Amino acid sequence: MKKLSWQYLCFFLILVFLILFPFINDSRTLIILLTQIFIFGILAMSYDILLGYTGIVSFGHAMFFGIGAYTTAVMLKQMDTSIAIFILSIVVGMLIAGFISFLVGLLTLRLKSHFFAMLTLAFSGLFLVVAEKWRSITYGNDGFTFRAPEIFKDRITFYFFVLTCLVLIFVALYRFVNSPTGRILIAVRENEQRTRSLGYNTLHYKVIASVVAGVVASLAGSLYSLSLRFVNTSVMTMDITLDALLMTIIGGVGTLVGPLLGAAVIEYAQHTLSGLARDYPIFERWIIFFGILYILAVIFFPKGIIGSIRMLLWKWRFKLNERKKAPTSLPQEKERFE
C-alpha cells in the first residue's frame with residue numbers, strides 16, 4: 001500500500017505539472033513537442049499490451065495507426081469539420097481497427113514467434129499498398145491536407161484534449177492489465193503451454209490483446225493526423241511500428257509507464273538532434289547519432305529505463321533486508337547471554 005501511495009503521488013504530481021505547463025511556459029514549440037509525446041505514448045502503450053504483457057512481437061502495428069489516421073482525415077475532409085464529426089471519426093476508426101485486428105488475430109496468432117511477426121508485416125504491407133493505390137480517397141503517396149475543428153485551432157486546447165485522452169487510456173489499460181484477463185495474458189507471456197494445460201484458451205486471450213492494442217493504436221493515429229492537419233502513406237510504414245517497438249523497449253516492457261517514458265526520450269532526442277543539424281554541420285546526419293542513442297540505451301538499460309530502476313531498487317531493498325537479518329557480533333551475543 002505504501003508503494004502504491006508513492007506511485008499515485010508521483011503520477012498526480014506529474015499530471016499537475018503537465019496541466020500547469022501551458023500557463024507556465026507559452027512556447028509553441030514545446031507545446032507541440034509534448035503533444036507529440038502524448039500521442040506516441042498512447043501508441044507505445046498499445047504496443048506494450050502485445051509485447052510487454054502478452055509476449056507478442058508484431059511488425060504490423062502501423063496498420064492500425066494508419067487506419068485511425070486515414071479515417072479521421074477522410075471524414076473531416078469529405079463530410080464536415082465539426083467536433084461531432086471528429087469524435088465520430090475516432091469511434092469509426094476504432095471500430096474498423098478492432099474488426100481488422102480481430103480478423104488478423106484469428107488468422108495469425110496461431111503461428112509462433114517469427115512466423116507470426118512476418119505475417120503481420122505482410123498484412124501491414126497489404127494495407128500500405130491499398131493506401132497508395134486508392135488515390136480517389138487517400139491521394140496516394142502525396143497525401144492531402146484537411147481542416148481541423150474550429151475548437152482545435154488553438155494548440156493549447158488540442159494539448160489538453162490529447163492529455164485527457166492519454167490519462168483515460170492509461171487508466172483503462174492499467175485496469176485491464178491488472179484484471180483477471182490481464183493476469184492470464186501475463187501467464188501466456190511467461191509460459192503459454194503451461195497456461196493452456198490449465199484449461200485456458202490462449203488464442204482467445206491473445207486475440208483480446210490484439211483487439212485492445214489495435215483499438216488504442218487507432219486512437220493514436222486519429223490524434224496524430226489531426227495534429228499535423230495532413231496525412232499520407234507514411235502513417236502505415238514500418239517506421240511507425242519500429243518507433244513503437246523502440247519506445248517500449250527503451251522505456252521498459254510490461255510497465256505501461258515505460259512506453260510513456262520511452263516516447264518522451266525518443267521524441268525529445270529527435271527534436272533536439274534535428275534542431276542541432278540546422279546549426280552544426282556535424283549533426284546533419286543526425287540519424288546516426290540517433291542510432292548510437294539506441295545502442296547506448298540497450299547496453300546500459302537492458303531491461304528498459306523503468307525496468308532497470310526497479311532492479312536497482314530491488315537490489316537496494318534486498319541488501320537492506322540482509323543487513324537487518326545479519327547476526328549480531330560475538331561480544332553482543334555474549335553480553336546478551338550473560
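**Close-up views of a predicted model**

View 1. Phe-23 sits in helix H1 (residues 2–24); helices (H or I, at least four residues) and strands (E, at least two) are DSSP runs, numbered from the N terminus. This is a predicted model, in which local features need pLDDT of at least 70 and side-chain atom pairs count only at pLDDT 80 or more, while totals for chains, interfaces and linings use all residues. Residues are numbered from 1 along each chain as its sequence is written, and side-chain values use heavy atoms, with hydrogens and water left out. With a relative accessibility of 64%, Phe-23 is exposed; here exposed means over 50% relative accessible area, buried under 20%, and partly exposed in between (1.4 Å probe, protein chains only). Phe-23 belongs to a nonpolar surface patch together with Trp-6, Leu-9, Phe-12, Leu-13, Val-16, Ile-19, Leu-20 and Ile-24, and the accessible area of the patch is about 940 Å². Patches are made of residues with over 30% relative accessible area and no salt bridge, with like charges joined within 9 Å and nonpolar side chains (Val, Leu, Ile, Met, Phe, Trp, Tyr) within 5 Å. A salt bridge is a side-chain nitrogen of Lys or Arg within 4 Å of a carboxyl oxygen of Asp or Glu, and accessible areas come from the Shrake-Rupley method with a 1.4 Å probe, where for residues only the protein chains shown count as cover.

**View 2. Aromatic pairs.** Across the whole structure, a search turns up 16 aromatic pairs. In the pair of Phe-86 and Phe-152, the ring centres are 5.5 Å apart and the planes meet at 75°, so this pair is edge-to-face. Rings of Phe, Tyr and Trp (its six-membered ring) pair if their centres lie within 6.5 Å; planes under 30 degrees apart count as stacked, over 60 as edge-to-face and the rest as tilted. Phe-86 is part of helix H4 (residues 83–108) and Phe-152 of the loop between strand E1 (144–145) and helix H7 (155–177), so the pair ties together parts 66 residues apart in sequence. Both partners are buried: Phe-86 at 0% relative accessibility and Phe-152 at 3%. Phe-152 also pairs with Phe-161 in a tilted arrangement, 5.1 Å centre to centre with 50° between the planes. Phe-161 is partly exposed, at 21%.

**View 3. A ring cluster.** Look back at Phe-23 here: ring pairs link Phe-23 with Phe-38, Tyr-159 and Phe-160 into a cluster.

**View 4. Helix H12 and Gly-262.** Helix H12 (residues 257–279) has 23 residues, which should span 33 Å at 1.5 Å a residue, and its end C-alpha atoms agree at 34 Å apart; the expected span is 1.5 Å times one less than the number of residues. Buried residues of H12 include Gly-258, Pro-259, Ile-266, Glu-267 and Leu-273. Gly-262 also lies in H12 and is buried, at 0% relative accessibility. The C-alpha atom of Gly-262 is 30 Å from that of Pro-149, 113 residues away along the chain.

View 5. Arg-229, not a glycine, has a positive phi near 60°. Arg-229 lies in the loop between helix H10 (202–228) and strand E2 (230–231), and is buried at 17% relative accessible area. Leu-256 has a positive phi of about 70° and belongs to the loop between helix H11 (238–251) and H12. Leu-256 is buried, at 1%.

**View 6. Cysteines.** Cys-10 is partly exposed at 40% relative accessibility, whereas Cys-165 is buried at 13%. The count of disulfides (pairs of cysteine sulfur atoms within 2.5 Å) is 0.
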